[in-house]
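User: I am new to this structure and would like to go through it with you. Could we begin once it is on screen?
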Amino acid sequence: VDYNDGFRLVLATRSPSPGILPDVDSLMTTVNFSVTLSGLEGRLLGLTIQHEKPDLEQTKTTILKAEEELKIQLEAMEQKLLVDLSASQGNILENKPLIHSLNELKTKSQAIKAKLEQSGMLQESIDAQRNVYQPVAAVGSRLYFTLLDLQKLNPMYRFALPMFLDLYAQALDSKELAHASPQERTTSLGPLLERLVF
């Protein structure tokens, strides 16, 4: 049978667990786009932080980017070290350019590791500040899944995630809480969201 190596077949289903034979499943890549409780909670937390403290979310994003770049640099230096070691000839201890290169890589890698540790500590500090809004995101996530369960009672009750996210944004933009302190906002956002949803 003639076939093309570039052939790809994409199948989509609403079923969370389609009945696929094991021998076919081993040849497939399954991508599940369903919403999970923890995934939605993380997304709602991000939306809340963007609304309440946009600078905090921006700082976290910047730190994550910088961390990724440092890890890539570290990986590149490790690869360079392996290439230099494999290309060296004769006695490694007498190869002056290799020793100089090794010392230079060691200094750079120590500096990068120190920056990564510093970044990790800063990220922990930011996460502690973000966790203040975690209860609001948890309430929102539970409310969404409660709405989804209403469909079991009657198929008429179908709710889409974009509709719920709009309600969540309305709760965040509420004029009732415009002048409240951050602590009052976090305690009042959950009940306000419940009123908007139900």
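User: At roughly what angle do the axes of helix 6 and helix 7 cross?
Analyst: Please note that this is a predicted model. The axes of helix 6 (residues 161–172) and helix 7 cross at roughly 135° and come within 9 Å. That angle makes helix 6 oblique to helix 7.

User: Which hand does the crossing of helix 6 and helix 7 have, left-handed or right-handed?
Analyst: Helix 6 passes helix 7 in a right-handed crossing.

User: And helix 3 with helix 4, at roughly what angle do those axes cross?
Analyst: The axes of helix 3 (residues 54–87) and helix 4 (residues 96–130) cross at roughly 160° and come within 9 Å. Angles over 145 degrees count as roughly antiparallel, and helix 3 and helix 4 are therefore roughly antiparallel to each other. Their crossing is left-handed.

User: What classes of residue are in the contact of helix 3 with helix 4?
Analyst: That contact has 15 nonpolar, 11 charged and 8 polar residues.

User: Changing topic, how many salt bridges are there?
Analyst: The count comes to 7 salt bridges. One of them joins the side chains of Glu52 and Arg185, at 2.5 Å from N to O.

User: Where do Glu52 and Arg185 lie?
Analyst: Glu52 lies in helix 2 (residues 37–52) and Arg185 in helix 7 (residues 182–197), so the pair ties together parts that are 133 residues apart in sequence.

User: Now the largest pocket: how much space lies in it?
Analyst: About 1400 Å³ of space lies in the largest pocket.

User: Which residues lie nearest its centre?
Analyst: The largest pocket is lined by 28 residues, and those nearest its centre are Ala12, Thr13, Arg14, Ser15 and Val31. By class, the lining has 18 nonpolar, 7 polar and 3 charged residues.

User: Which helix gives the most to that lining?
Analyst: Helix 5 (residues 134–153) gives the most to the lining of the largest pocket, with 3 residues.

Key. Residues are numbered from 1 along each chain as its sequence is written. This is a predicted model: local features need pLDDT of at least 70, side-chain atom pairs count only at pLDDT 80 or more; totals for chains, interfaces and linings use all residues. Side-chain values use heavy atoms; hydrogens and water are left out. Axes are lines fitted to C-alpha atoms, for helices over the stretch in contact, and angles run from 0 to 180 degrees between N-to-C directions. Helices (H or I, at least four residues) and strands (E, at least two) are DSSP runs, numbered from the N terminus. Angles under 35 degrees count as roughly parallel, over 145 as roughly antiparallel, 65 to 115 as roughly perpendicular and the rest as oblique. A crossing is left-handed if the near helix is turned anticlockwise from the far one by less than a right angle, and right-handed if clockwise. Ala, Val, Leu, Ile, Met, Phe, Trp, Tyr, Cys and Pro count as nonpolar, Asp, Glu, Lys and Arg as charged, and the others, Gly among them, as polar. On a 1 Å grid over the protein atoms alone, a cavity is a set of points where a 1.4 Å probe fits but cannot get out, and a pocket is an open set with protein on both sides within 12 Å along at least five of seven lines; lining residues have an atom within 4 Å of a point. Grid points are joined across faces, edges and corners, and a volume is the space filled by probe spheres set on the points. A salt bridge is a side-chain nitrogen of Lys or Arg within 4 Å of a carboxyl oxygen of Asp or Glu.
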